[in-house]
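Hi,

Here is the structure I promised to pass on.

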Amino acid sequence: MSNMMMVAWGGFVIGLLFGIVGQRTGFCLTSGLRKAWTEGDGRMLRAFALAMAVAIIASHGLEAFGYVNLQDSIYIHRSFSWLLFLLGGTLFGYGMIMANGCGSRALVLLGSGNLRSLVVVLCIGIAGHMTLTGVLAPLRLWAAELSSVTIPLPRASLTGLAASWGLGSTLALWIPALLVASGLLAYCFSHGGFRSSPRHLIGGLVVGVLVAGGWYVTGYLGDDDFDPVSLNSLTFIAPLGDTIQYLMLSTGLSVRFGVTVVAGVVVGSLAATLASRSFQLQGFSSPVRMARYIAGGLIMGIGGALALGCSIGQGLSGMSTLALPTFIAVAGILLGAWLGLRGPLRLPPL
Amino acid sequence: MSRTRSLVTTSWSRRDFLRISGAGAVTLGMMMVSPSLLARSRPWARHDAIMELLDGAEPDTSGVTLELPSVSEDGSNISLTVRVDSAQENGEYVKSIHLFAPDNPNPEIAVFHLTPLSGQAQIATRIRLNESQRVFAVAKLSDGSFRIGSQDARVTVSGCLTDDATYDSSGLMQARVRTPRSLRPGEVGEVLTIINHPMETGFREDADGNTIPRRIIHSFVAELDGETVLRADFHPSLAANPYLRFHVKPNGSGGTLALEWTDDEGETTREEAELSVS
């Protein structure tokens, strides 16, 4: 099997597992934040934090054993636009509250028969590509140039920062990773309700491993002297647009990791729904709600493209590399979600 | 007033109507025969570099296949495969394949000179495209005839920000080669090569606004026991880290395949690989 095929199938398997686990456990940052901030139930948010901790440890483990070099990922980019990362993250976070779930959650729900999510998925995909390569791209590039900064480190991550303080390469790799991960784990496991909820424990654990699985598939299985594949993991903005594009232009395109992940998530969720006999077609109850979901999807697509990632792309894949720009994007996502849930731009609950 | 206007619009005679619909029918007819018209419209005719190569000859528009992705987000590295449907034997073979990107600052991409030892007129490489355009491949056959093929390629702005205006010169001119372990007699083998090189076009500026001088690999030769298998001239429209996939059909019992690259500063790299036929 060629390395491209291995990456395509690897992506499908990762997507499949994400879809099954997402469907069975309800893994979702939006509902995690909503439950923690408005209902006082912090378990789902801790599941997300557990996924982050597991992803950080597993990804750095992959690098320590020489399987991948996280520095090749798009997240550890020395030059980035702080303005677009913050603005994009905020837009994404707000859109996520408007549409009641991010791109990955919408795919999982789509597999279980929720047609509202189809609208969200299409809006994210189209708006994301409008911003990356379409009508909004010139504006994005113009704004990026105005606010571009370059981090004066050879590696724009906490690892690079630790190395610049004189730590050896092994220590620089492990100390920040273990510090951040143990902080997250302490936050998770200090909560009794979370400790005794297998659903949340499994959701966080599996999704965290899948993030590292993405690095392994694209970075190790995809490695080829003549035909290198770009290092990638789970993310759901560009891949949604890529999937729409692939459906329309597949004779002239080669299949990419992100596209097979998207297909896998829908299939996995569908399989899990059918196996548990919970498949149910659902649509919009009112046009107002539909308009809100459309707007949320478009805002998520634009914001996710500006910040180079969504709640999963920056929030888990980006965080697993401990990239410095990622912290800005994640702060933006949390700010946007706060504005929509508790802040001055609060949205009525659905 | 309104009355006269309505008179004017309704006063078309039956003859007018017939004349107009007749013109419509002609237009429709032209649209239906358009494939042959398009072929005769010779889309390459307005590109000087191609016309110069053809030198008055009329190329056959079939038999050359160009494969390019329909949409690319990164114009600096686009996979391209060109294939000429022709025998590659002593009597009749494809002598050369010329690739053109007419809307690039440098329309020539590369020229591949093939021989009967090439076995198969099929080359894969990676190219640069400045903008969306039609890419052309012209094949010159041993009997002096030409064939031409083309493919539209769309290039969008990059999905991601890129930096690294300078390149790491430590691995410069380091090449990797993959050849088949062994071949059966008469079998065509596939050779993959890639060499670290920035293929600096001479059009780029560094952070201080100074033009980075041109430095590209301009020639590549593959020889089997001293006999040419493939010779290639590269131009700045070839992507950085030149990649080639080509074919070799050894006579008899194989031999040593020697590959040599030369860049603008006269630096060369030579790689050798044994090809055994059994």
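In chain A, 80% of the contacts with a separation of 6 or more are between residues 24 or more positions apart; two residues are in contact if their C-beta atoms, placed from the backbone, lie within 7 Å. Keep in mind that this is a predicted model, in which local features need pLDDT of at least 70 and side-chain atom pairs count only at pLDDT 80 or more, while totals for chains, interfaces and linings use all residues. Residues are numbered from 1 along each chain as its sequence is written, and chains are lettered from A and ligands numbered from 1 in the order in which they are written.

Chain A has 16 helices and two strands (DSSP runs numbered from the N terminus: H or I of at least four residues for helices, E of at least two for strands). Its radius of gyration is 19 Å, close to the 20 Å from the globule rule for 350 residues, so chain A is as compact as a globular protein of that length (taken over C-alpha atoms; the rule is 2.2 Å times the number of residues to the power 0.38). Of the 350 residues of chain A, 58% are buried, meaning that 20 or more other C-beta atoms lie within 10 Å of the residue's own, with C-beta atoms placed from the backbone.

One helix pair in there: α1 (residues 3–25) and α5 (residues 103–111) of chain A pack at about 80°, with axes 9 Å apart (axes are lines fitted to C-alpha atoms over the stretch in contact, and angles run from 0 to 180 degrees between N-to-C directions). That makes α1(A) roughly perpendicular to α5(A), the class for 65 to 115 degrees. A:G19, A:G22 and A:Q23 of α1(A) meet A:S104, A:V108 and A:G111 of α5(A).

On to the contact between the chains: it takes 19 residues from chain A and 15 residues from chain B. On the side of chain A, β1 (79–81), α7 (137–146) and α12 (238–249) give two or more residues each.

Chain B has an open sheet of six strands in the order β1-β3-β6-β14-β11-β9, with antiparallel pairing; strands pair if DSSP finds at least two bridges between them. β1 (64–67) and β9 (175–178) of chain B stand at the edges with a single partner strand each, so one side of each has no neighbour in the sheet. β9(B) pairs with β11 (residues 189–195) of chain B over four bridges, and B:V177 has B:T193 in β11(B) as its bridge partner.

Cheers

Note on methods. Angles under 35 degrees count as roughly parallel, over 145 as roughly antiparallel, 65 to 115 as roughly perpendicular and the rest as oblique. A residue is buried if 20 or more other C-beta atoms lie within 10 Å of its own, exposed if 12 or fewer, and partly exposed in between; C-beta atoms are placed from the backbone.
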